[in-house]
Amino acid sequence: KQVNQGLVVQATVAAKSEAPTPGSVAYADCVIALHLKNISVTSGKLSPKEIVVFIWGMKQNKLTSAASYRVGERVTLKLKSWDTAEASYGSYNRVELDNDNLLTLDIFWGEEAK
């Protein structure tokens, strides 16, 4: 089933969780959360105006470029629904956003669009 196979968006980072300092935790990989707003779809279809995206914040004890995103920054991400990605990424350590109200938003897995 093809769910969000070619979904690419540009959006503004409204909030993000912080990845741990590499070497400061007992795990090498960590997923962080982004709250995205002002979404413009460059490929595919997406109706919500704001979403939550989980993305690698640390891989093999190295911070990813997503870990350096700043609130207010525009980012371009390739997305797939969390429902389809959770089996692959749901077991990794994850840093959630502080705002529980965001849990009602649609959730996606994101990767930087190359």
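Leaving out neighbours within four places in sequence, Val8 is in contact (heavy atoms within 4.5 Å) with Ser40, Val41, Thr42, Ser43, Thr76, Leu77, Lys78 and Ala113. Val8 is found in strand β1, where strands (E, at least two residues) and helices (H or I, at least four) are DSSP runs numbered from the N terminus. Val8 is buried, with a relative accessible area of 16%; buried means under 20% relative accessible area, exposed over 50%, and partly exposed in between, with a 1.4 Å probe and protein chains only.

The model is predicted: local features need pLDDT of at least 70 and side-chain atom pairs count only at pLDDT 80 or more, whereas totals for chains, interfaces and linings use all residues. Residues are numbered from 1 along each chain as its sequence is written, and side-chain values use heavy atoms, with hydrogens and water left out.

The protein has one helix and seven strands, in the sequence order β-β-β-β-β-α-β-β. Its radius of gyration is 13 Å, close to the 13 Å that the globule rule gives for 114 residues, so the protein is as compact as a globular protein of that length. This radius is taken over C-alpha atoms, and the rule is 2.2 Å times the number of residues to the power 0.38. Along the principal axes, the C-alpha atoms fill a box of roughly 40 × 35 × 30 Å. Of the 114 residues, 40% count as buried. Among contacts with a separation of 6 or more, 77% come from residues 24 or more positions apart.

The interior can be described through its nonpolar cores, each a set of buried Ala, Val, Leu, Ile, Met, Phe, Trp, Tyr and Cys residues joined through side-chain atoms within 4.5 Å. The largest has 20 residues, of which Leu36, Ile51, Val53, Leu77 and Leu79 touch the most other members. The elements giving two or more residues to this core are β1 (7-16), β2 (30-43), β3 (51-59) and β5 (74-81). A second, separate core of twelve residues includes Ala33, Phe54, Trp82 and Ala85.

Strand β2 holds Leu36, which is buried at a relative accessible area of 0%. Beyond four places in sequence, the contacts of Leu36 are Ala11, Thr12, Val13, Lys49, Glu50, Ile51, Val53, Val75 and Leu77. His35 is also in strand β2 and is buried, with a relative accessible area of 7%. With residues up to four places away not counted, the residues that His35 touches include Thr12, Val13, Leu97, Leu102 and Leu105.

Most residues other than glycine have a negative phi. Asn38, in strand β2, has a positive phi near 50 degrees, and at 53% relative accessibility Asn38 counts as exposed. Asn61 lies in the loop between β3 and β4 (62-63); its phi is positive, about 60 degrees, and at 36% relative accessibility Asn61 counts as partly exposed.
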